[in-house]
Amino acid sequence: MEFEGKIALITGGGMGIGSAISHAFSKEGAIVMIASRNENNLQSIVSKIQDNGAQAFFFKTDISSYDQVQKLMFHIKAEFGKLDILVNNTGIAGPTASVEAMPIQEWQQTLDTNLTGAMLCAKEALQLMIPQSAGAIINIAAGAGVHGFMLRSPYSVSKAGLINLTKTMAMEVGKNNIRVNCISPGPVESERAKNVIAAKSKALKIPIENIIREKTEKIALGRFLLPEEVANVAVFLASEKSSGITGQNINVDGGVLYR
């Protein structure tokens, strides 16, 4: 198996894309540590992975809190003595509002979680990876970070920042044999996507079916992606098969057509 004996930390790994990533790494032999704020989700996904004969653990963490991130990494060091893979997947949808009507507190919360939180996790993960001269960091951004997203400016800005944080970190730690890459998923079948579409439908007073049809028409494959399709790319970017790839943002969006 690809990651036998490797320690993989997946933030936001209790649902959606994060759940699929957690399962994918465990199937490849990794010892998976999952971190998020929702303890019920964490317990559920860890139980499922363990039922499949793999090793998984969880640590309740709000990654927007530097203190909690430090405690998470201290726990990983104490339990395993190393960290081989970090997948920064935690993210929140943020508000659906125009810039002129933006709730400032919700703007800040979105950036604190989606961008600063990922930086904090990477900062602390590098304290373990640099001394071992090895590691892989995969950041989960979004298509909105590439091309923008009307009424979702804090989400778009946070994901655009994450893409550029990826490129910057890759330049900084390449000399330490640490690779940093990014995945920008397009529309994915998930509970969060349903909630976002519902919020946009309400804000614009457009039927949900119309929004889904409009989105689907702009995807070359003609469908929303599955979380597992994003997880497969994360596994690839953490593996030796991608040993020459760093500082890249890979769009896993089914071929979104910008027209």
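Modeller: The expected span of a helix is 1.5 Å times one less than its number of residues, and the model to which we apply this is a predicted one.

Biologist: What makes you call α1 largely enclosed by the rest of the structure?

Modeller: A residue is buried when its relative accessible area is under 20%, and ten of the twelve residues of α1 are buried, so the helix counts as largely enclosed. Among these buried residues are I17, A20, I21 and F25, as well as H23. Just after α1, G29 adopts a positive phi of about 95 degrees.

Biologist: How do you know that the span of α2, residues 39-51, agrees with its number of residues?

Modeller: The 13 residues of α2 should span 18 Å at 1.5 Å a residue, and because its end C-alpha atoms are 18 Å apart, the two values agree.

Biologist: Which residues of α2 are buried, and what covers them?

Modeller: The buried ones are L42, I45, V46 and I49. They cover an arc of only 100 degrees around the axis, which is why they lie on the same side of α2. On the other side of α2, N40 and D51 are exposed, a word that requires a relative accessible area over 50%. The cover over the buried residues includes α1 (16-27), β2 (31-36) and β3 (56-60).

Biologist: What is found at the start of α2 and just after α2?

Modeller: At the start, a side-chain oxygen of N38 comes to within 3.1 Å of the backbone nitrogen of N40, and a polar contact needs N or O atoms within 3.5 Å. Just after α2, G53 has a positive phi of about 90 degrees.

Biologist: Why is T90 called buried?

Modeller: Its relative accessibility is 18%, so T90 counts as buried, the cut-off being under 20%. T90 sits in the loop between β4 and α4, where a polar atom of its side chain lies 2.7 Å from the backbone nitrogen of G12. Beyond its neighbours within four places in sequence, T90 has contacts that include T11, A35, I63 and N114.

Biologist: What makes β5, residues 135-140, largely enclosed?

Modeller: Six of the six residues of β5 are buried, so the rest of the structure largely encloses this strand. Both faces are covered, with G135, I137 and N139 buried on one side and A136, I138 and I140 buried on the other.

Biologist: How do you know that β5 pairs with β4 and which sense does β5 run relative to β6?

Modeller: Pairing needs at least two bridges, and β4 (residues 85-88) and β5 have four, in the parallel sense, with I85 opposite A136. The chain passes from β4 through α4 (residues 104-132) to β5 in a right-handed β-α-β crossover. Strands β5 and β6 (residues 178-185) are joined by six bridges and run parallel, with N139 opposite C182 and I140 opposite I183.

Biologist: What makes β6 mostly covered, and with which strand does β6 pair over four bridges?

Modeller: Eight of the eight residues of β6 are buried; I178, V180, C182 and S184 point one way, and R179, N181, I183 and P185 the other. The four bridges join β6 in the parallel sense to β7 (residues 249-252), where N251 stands opposite S184.

Notes. Residues are numbered from 1 along each chain as its sequence is written. This is a predicted model: local features need pLDDT of at least 70, side-chain atom pairs count only at pLDDT 80 or more; totals for chains, interfaces and linings use all residues. Side-chain values use heavy atoms; hydrogens and water are left out. Helices (H or I, at least four residues) and strands (E, at least two) are DSSP runs, numbered from the N terminus. Buried means under 20% relative accessible area, exposed over 50%, partly exposed in between (1.4 Å probe, protein chains only). The arc is that of the directions from the helix axis to the C-beta atoms. Contact means heavy atoms within 4.5 Å. A polar contact is a pair of N or O atoms within 3.5 Å; within protein, one must be able to donate a hydrogen and the other to accept it, and residues adjacent in sequence count only if both atoms are side-chain atoms. A crossover is right-handed if, with the strands pointing away from the viewer, the path from the first strand over the helix to the second runs clockwise.
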